[in-house]
Amino acid sequence: MGLEIRDLTVRFGETAAVDDVSLDVPTGAVTAVLGPSGSGKSTLLRVVAGLETPSAGRVSYDGEDLAPVPTHRRGFALMFQDGQLFGHADVGRNVGYPLRLRHRPAGEVRARVDELLDLVGLAGYAERMPATLSGGERQRVALARALAVEPRLLLLDEPLSALDRGLRERLAGDLHDILRAAGTTALLVTHDHEEAFAIADRMVVMRDGAVVQDGSLDEVWSRPADAWAARFLGYASVVSGEAALRLRERVDPGADWTEVALRRSAIRVSEDGPFAATVLAARMTPEQLRLDLDVDGLGPLAGVAETNRSVSVGERVHVSVVTDRLAPLRPADGRSRRTP
Amino acid sequence: MPRRTGAVVLAAIPLAVLVVFFLYPVAGMLDRGLRPDGHLDLGGVLDVLTRPRVHRVLWFTVWSAGLATALAVLLGVPVAFVLHRLRFRGQGLLRAVVVLPFVLPTVVVGVAFRQLIAQGGLLGGLDLDGTPVAILGALVFFNVGVVVRTVGALWEGLDHRAEEAAAALGATPRQVFTTVTLPALLPGIVSAASVVFLFCSTAFGVVLTLGGLRYANVETEIYLLTTQELDLTSAAALSILQLLVITVLLAGSHRARRGAVPHAHTAAARRPRRGDAGLVLLTAAVVGFLLTPMVSLVVASLRDQGGWSLQHYRDLQGDGEGNALLVTATTGLTHSLLVAVQAASFALLLGVLVAFLVSRRPRSPGAERLRALFDGVFMLPLGVSAVTLGFGFLITLDRPPLDLRTSPLLVPIAQAMVALPLVVRTVAPVLSSIDPRQREAAASLGAGPLRVLRDVDLPLAWRSLLAATGFAFAVSLGEFGATSFLARDDHPTLPVVIFRLISHPGEANFGMATAASVVLAVATTSVMLLVERLRVSSVGAF
């Protein structure tokens, strides 16, 4: 059962921030809602938390309609982008806050706070004030606070976006492990596909208030709904029309797709590659050379070359296609919204 | 939608009080003037506005208030910089000195300035008695602090990285000020100026005590017309005119305030540099100007028959030369304190409710318009003539079901209405500055609405609540306009006692008035010093 959202619409004045959305968040898994800013994903999360009133539709948990249930009785916990720790209370009091709300005995609160701080890797931080913590530490404390009463659903609003890159990657891994260890059901909204892939089991892609696609990570990743979704999921190029058929002929003659998304690493410079291409631009990275290519018969595509191969702009090269780095898009009739 | 119902119920309480104890009395007063014999007489009202005396009064009101406002802004902005953007020892005391005049009882200031310019006073030689200079000086004296606080609070919160960015792009300090700082401060300056103009054009106590028979503004004219000449039609006409002008001003000030960036940062203040010398000197001069009447008042209260003496203070236990008072001055003081406690509690209770409601940020445009209207309505008592309010109380709350003529709560209620906007203006900015997501985080962790108030709002707002209480208490101690109508002769407050003393002839009565003024000033000053220690920058800011 878990969380069910049916035909949900949220309007602010004339504009619909969320437009007729239906989706399920199954128990025991982490579901990520992925979308650019303005896609309505945060509004969706706020409706689930009970902070926003829907204009139409229904949100229920284990079959119970949540409309009449105020935020504080939903048994969820919401973790904000910037943690929103209470600045006037120390770390221990922040983490123990939901336990004290439920009148747990002081001894139990202390023990549980220590246990949670240990879980998020901040053992011994109980006396510190939030203002003295780094951004990453604050997010860890916010996570511990949100997990304190074992919420039946944990809501995460861009939990790592405010952090710098290295920290974000490390904390995403930690968050994945902590949520698994606690067996928490979670709904995560983010604009960063890497964050979604690192933390979630299931993914929902939103655009302009509507769900574009949902499914397991693998389903979404291997069959993007359309060119926009593919680019948003981190695919570097999309090939369609005649060019797509020409490419299909080469790499997968038995298939019937008509449009395909390619990761940058799908096009690789190699002496015996089947396609010829002109180098439009080249940029060095520690891992590889990133190229913009004009591939004969396929058009402009992103590609890579080994760093030890020198490539200059305007040079003619041969490229091969790495078949497991491309994802056929769903045919147009399969693109409609999933109706449960 | 339970949340919206809750807001409506909460809003109903202060609204009901405002209607019964503010709008109804004011409307009653206007009605009495507009329909003298039961039917509408607009001709009479328009006729009033053509009288030469009324023209003289209007012209004096406008130019004295305009000039005083300009002076207050010119002096206040540099002082705001020195007291809020620099950091030095003794700054807290100076800030208290600057905000103090605002809560000083108007009669006390009147007495102080009269003493200053009288024969034998410090400025006696300048022969200013009977000129408008004293009135102007007193108006500036009162309102410099309003400009300093309003602009200073904004200045303190300005992110100075914008100034640094401009400097890095090659702007000279002067260009930085005119192109970055001043535009950012402008909403605060406009807001302060409109409020100051409002205060100056409705000033009552100082004009009454200093203007004598020659100079009257709209407010004192309303007083004269109602109490001396019993010409209610003329009084009502002037009240309506005043109400219209004030509504426009309040709307303008509200609009200006909307552009002000709320306290985003607390930028690090810096130590004074050599280049600040001019501004520091100006600040010293302003502080000197503010202290002079006070010091001279204290000196006068201690001088009797050419020598130092505590005689005037001892006299406070009596009822004045020629029985000027019905009760002793000390009784008046006791009564003042009691009334102030009642008025402050009442204003705090209502003000916190209003501040709570106006600090919410509704999403729908309709609800936002309602919120803004609600906010504006509770600012009205700032500008409506306290005289109109006091007289309105007398003529409307005198029959069942609301016969309060003899109720000891009449004065506290009227004073609470006067203090209410100040409480709202002190508390609301603090509540608005709380990130709503703090409340949402607490709610999502299981805290109910009351628990959220206790755990999120209260820890961040308790200082402002205390400060607002103190502020309301101090304002109530000094309130004169409405109280002068409502306080019964056998139950006067100290400002009423002082006014009585200076209206009666006799050296001893004037000496007693100076002593009583010092006592009253010390009381309000002590309260304001405590308030200042709370470091709530919204106190006295608009």
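## Confidence and conventions

Chain B has a mean pLDDT of 84, and 96% of its residues reach 70 or more; pLDDT is the predictor's confidence in each residue, from 0 to 100. Helices (H or I, at least four residues) and strands (E, at least two) are DSSP runs, numbered from the N terminus.

The model is predicted: local features need pLDDT of at least 70 and side-chain atom pairs count only at pLDDT 80 or more, whereas totals for chains, interfaces and linings use all residues. Residues are numbered from 1 along each chain as its sequence is written, chains are lettered from A and ligands numbered from 1 in the order in which they are written, and side-chain values use heavy atoms, with hydrogens and water left out.

## An enclosed helix in chain A

Helix H2 (residues 91-101) of chain A is largely enclosed by the rest of the structure, because 9 of its 11 residues are buried. Buried means under 20% relative accessible area, exposed over 50%, and partly exposed in between (1.4 Å probe, protein chains only). Among the buried residues are A:Val91, A:Tyr97 and A:Leu101. The buried residues of H2(A) pack against helices H3 (106-119) and H4 (135-147) of chain A, together with helices H19 (436-444) and H20 (449-478) of chain B; contact means heavy atoms within 4.5 Å.

At the start of H2(A), a side-chain oxygen of A:Asp90 comes within 3.3 Å of the backbone nitrogen of A:Gly92. Just after the helix, A:His103 adopts a positive phi of about 55 degrees.

## A buried loop residue

A:Val69 lies in the loop between strands E5 (64-65) and E6 (76-79) of chain A. A:Val69 counts as buried, at 14% relative accessibility. Apart from neighbours within four places in sequence, A:Val69 contacts A:Glu64 and A:Arg74.

## Helix pairs in chain B

The axes of helix H14 (residues 329-358) and helix H22 (residues 494-503) of chain B come within 8 Å and cross at roughly 150 degrees. H14(B) is therefore roughly antiparallel to H22(B); angles under 35 degrees count as roughly parallel, over 145 as roughly antiparallel, 65 to 115 as roughly perpendicular and the rest as oblique. Residues that meet include B:Leu333 in H14(B) and B:Val497 in H22(B).

H3(B) and helix H10 (residues 218-227) of chain B pack at about 145 degrees, with axes 9 Å apart. Among the residues making this contact are B:Arg53 of H3(B) and B:Glu221 of H10(B).

Conventions: Axes are lines fitted to C-alpha atoms, for helices over the stretch in contact, and angles run from 0 to 180 degrees between N-to-C directions. A polar contact is a pair of N or O atoms within 3.5 Å; within protein, one must be able to donate a hydrogen and the other to accept it, and residues adjacent in sequence count only if both atoms are side-chain atoms.
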